[in-house]
Amino acid sequence: MSGLPILDISGLCKSYGAVRAVDGIDLHVNRGEICGLIGPNGSGKSTFFDCVTGLAKPSAGAVKLDGQDITGWSLNDIAREGRMLRSFQKTVVFSALDIEENLVIAGQMFTFPGIWSTFGIGAAARNRVAALRERARELIQIAGLWDVRFQPAGKLSGGQQKLIQFASMLMPEPKLILLDEPMAGINPKLIERVVDSIRLANTSFGVSFLIIEHNIDVVTSLCKRVVVLDQGRKLAEGTPDEIVQNQAVREAYLGG
Amino acid sequence: MTEIVRDQTVTAAEHKVATGPDLRVPFGLGLAALACVAPLFLGNYPLHAIIIALIFLLPAHGLNLLLGYTGLLSLAQAAFFGIGAYASALLAVHFGTPFYVNFLAAGLITGAIALPLGIPALRLRSTSFVMCTLGFVIIGQAIAKNWISLTRGDMGLAAVPRPYFALGPASFTVSGTVGFYYLVLVIAALATLAVYLIVRSPAGRNMIAIRENETLAESVGIPTWHYKLVVFMISAIFAGLGGSLYAHYLTVVSPLTFQMYYSTTMLIIVLGGGAGTISGVIFGSLLFVGLTEALRVAPELRMIAYGFFLLALVFYFPNGFAPLIGRFWSFLERRK
């Protein structure tokens, strides 16, 4: 059980007409691991993410989550299980709602047994929401957003929105989180905070991560293993040190 | 400590209305009391205008759940309004069933019809969905015109009885304007309560999430399609109940009940009053439906005046009157 990787992807392909955006990628994420995914723009990282998380249907290949075949499931089918969640490259929050509401929404479908029970107005429903609020407040405190928690999420800075998104994903206690460029467009001080949050979620909550990131310092400090994509194929795989030394990777992506 | 902070700050989720000693409760109670004694000092014509406004409040509440809370623009409300009116009228004319049976049946039938209509329609996105719902109104009117054996076509169904209640041997009929006013008032109040409970439930929060960002809502596990279908059905039920009241009030239904004009009226109530707020929609139906009724005294100028009024609204209150109501509350709070 514990030897089995949490996410096991084999031969994943996605073509748009004649273009093979993702061309036969094998990748796995071990339990408790933080795995990095890097590559130049247009190398197929985001398409790969979309195929794994159900936002796009893969043309071929298999995706196994926790030993279960989830190939071709929709984004919602996968999300509803609460085991694997993802962030989006363009940060999105429920902008008219405050942080606490954002987090409560993110946890609701994992607390209520079905859609009908969410229409409940009795004590049972209220207790469930109260428990969600409790957890939301804990996570808001961990994320360092306590002072702004009643502000509409859309009014906050890009970095703070990233933190909201990250905290939202921890609401259902997932086993695996896929982050699409979590550090893009945020200032260095907040980068540290996001890195700390990822590390904390990994060590304290036992969440595994697969992270697309261009900031190579972040990748080397967080990840034990890095996979490099180029033109829809896997170019290299190894420890951060090996990747930085790899000649092919330097030519295709890192430069110099 | 959190409670203290909560009192000082404003949460967007509570529609930017500050909590704390709430003036809205006494104000609402005052309005309710005023509504109860209104027949004492209002003549029949203003009372009639209010009755029409309260009848339209039902489909407007439904549309508000769909548009204001879930973010789906539907023009189908007039279709469901018409279906409710015809269902109720046909039951009353053919079977002589009491009002509450017709009323509840109208809601159930429209809800049941909304299900097969919603399943394909909600697969469509944005503009296509709007066009599809527009089609429902046109098809509804065509059916009402041409299924003559059932609907008597353009002649419509006349002599729909006034609401009558029968419990065992006792029965009574709501006949006068005042009686109907109280009947509609009670139903409108119950409908408003129902909407309040829906939007305050966890489901209401999920609906807002869908309005704000559907893909994000899906990624946090909300089955958006199922919610949209359920809300579409609920909104249809509200419209059907409104149609039933309409049929029993006017005592006539005709294919004109399926008017695009009614759909736009409901849209104006919701957008003009303030989509995503309950008080805005109540205010909107009283203002916009009451206004058109009031403008009937100058029929040839009526639509022109109404048009100019709507233009002014769009320019000066692009979010409807709800923000204005909100400002009114904060003004009162500051004066205290």
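This is a predicted model: local features need pLDDT of at least 70, side-chain atom pairs count only at pLDDT 80 or more; totals for chains, interfaces and linings use all residues.
Visitor: Thanks! How many helices and strands does chain A have?

Guide: Chain A comes to nine helices and 10 strands. Chain B has 15 helices and two strands.

Visitor: How do I read the overall build of a chain, and what is the radius of gyration of chain A?

Guide: You hold the radius of gyration up against a rule for a compact globule. For 256 residues that rule gives a value near 18 Å, and chain A has 19 Å, which agrees. Its C-alpha atoms fill a box of roughly 60 × 40 × 35 Å along the principal axes. As for burial, 44% of the residues of chain A count as buried.

Visitor: And what does chain B have for its radius of gyration?

Guide: Chain B, with 336 residues, has 20 Å, in agreement with the globule value near 20 Å. The C-alpha trace of chain B spans about 65 × 50 × 50 Å along its principal axes, and 45% of its residues count as buried.

Visitor: What share of the contacts in chain B joins residues at least 24 apart?

Guide: Here you look at contacts between residues at least 6 apart in sequence, and in chain B 76% of them join residues at least 24 apart. In chain A, residues 24 or more positions apart account for 69% of the contacts with a separation of 6 or more.

Visitor: Now sheets. In what order do the six strands of the open sheet in chain A come?

Guide: To read a sheet, walk across it strand by strand. In chain A the order is β6-β7-β8-β3-β9-β10, with mixed pairing. The edges are β6 and β10 (233-238) of chain A; each has a single partner strand, so one side of each is left without a neighbour in the sheet. From one strand to the next, the twist averages 15°.

Visitor: Is the pairing of β6(A) with β7(A) parallel or antiparallel?

Guide: Strand β6 (residues 84-86) of chain A pairs with β7(A) in the parallel sense, over three bridges. One place to look is A:Leu85, whose bridge partner in β7(A) is A:Ile177. On to β8 (residues 208-212) of chain A: β7(A) pairs with this strand in the parallel sense too, over five bridges, and A:Leu176 stands opposite A:Ser208. At the other end, β9 (residues 225-230) of chain A and β10(A) pair in the antiparallel sense over five bridges. There you can find A:Leu229 opposite A:Lys234.

Visitor: Why is β7(A) described as largely enclosed?

Guide: Count its buried residues. In β7 (residues 176-180) of chain A, five of the five are buried, so the strand is largely enclosed by the rest of the structure. Both faces are covered: A:Leu176, A:Leu178 and A:Asp180 lie on one side, with A:Ile177 and A:Leu179 on the other.

Visitor: Which strands form the four-stranded open sheet of chain A?

Guide: That one runs β2-β1-β4-β5, and the pairing is antiparallel. Here β2 (19-29) and β5 (68-69) of chain A stand at the edges with a single partner strand each, so each has one side without a neighbour in the sheet. Eight bridges join β1 (residues 7-16) of chain A to β2(A), and A:Asp8 stands opposite A:His28.

Visitor: How do I read two helices packing, and at what angle do α3(A) and α5(A) cross?

Guide: Check distance, angle and hand. The axes of α3 (residues 99-111) and α5 (residues 158-170) of chain A come within 8 Å and cross at roughly 35°, and the crossing is right-handed. The contact uses A:Ile99, A:Asn102, A:Leu103 and A:Ala106 of α3(A), with A:Ile164, A:Ala167 and A:Ser168 of α5(A). Those residues divide into five nonpolar, two polar and no charged. Here's the general idea: an α-helix has 3.6 residues a turn, so residues three or four places apart point the same way.

Visitor: Last one: how many residues does each chain bring to the contact between chains A and B?

Guide: Chain B brings 27 residues and chain A brings 31. On the side of chain B, α9(B) gives the most, with seven residues. That side divides into 15 nonpolar, nine polar and three charged residues. As for α9(B) itself, 11 of its 11 residues are buried, so this helix is largely enclosed by the rest of the structure. Its buried residues pack against helices of both chains, including α3 and α4 (123-142) of chain A and α8, α10 and α11 of chain B.

How values were computed: Residues are numbered from 1 along each chain as its sequence is written. Chains are lettered from A and ligands numbered from 1 in the order in which they are written. The radius of gyration is taken over C-alpha atoms; the globule rule is 2.2 Å times the number of residues to the power 0.38. A residue is buried if 20 or more other C-beta atoms lie within 10 Å of its own, exposed if 12 or fewer, and partly exposed in between; C-beta atoms are placed from the backbone. Two residues are in contact if their C-beta atoms, placed from the backbone, lie within 7 Å. Ala, Val, Leu, Ile, Met, Phe, Trp, Tyr, Cys and Pro count as nonpolar, Asp, Glu, Lys and Arg as charged, and the others, Gly among them, as polar. Two strands pair if DSSP finds at least two bridges between them. Axes are lines fitted to C-alpha atoms, for helices over the stretch in contact, and angles run from 0 to 180 degrees between N-to-C directions. A crossing is left-handed if the near helix is turned anticlockwise from the far one by less than a right angle, and right-handed if clockwise.
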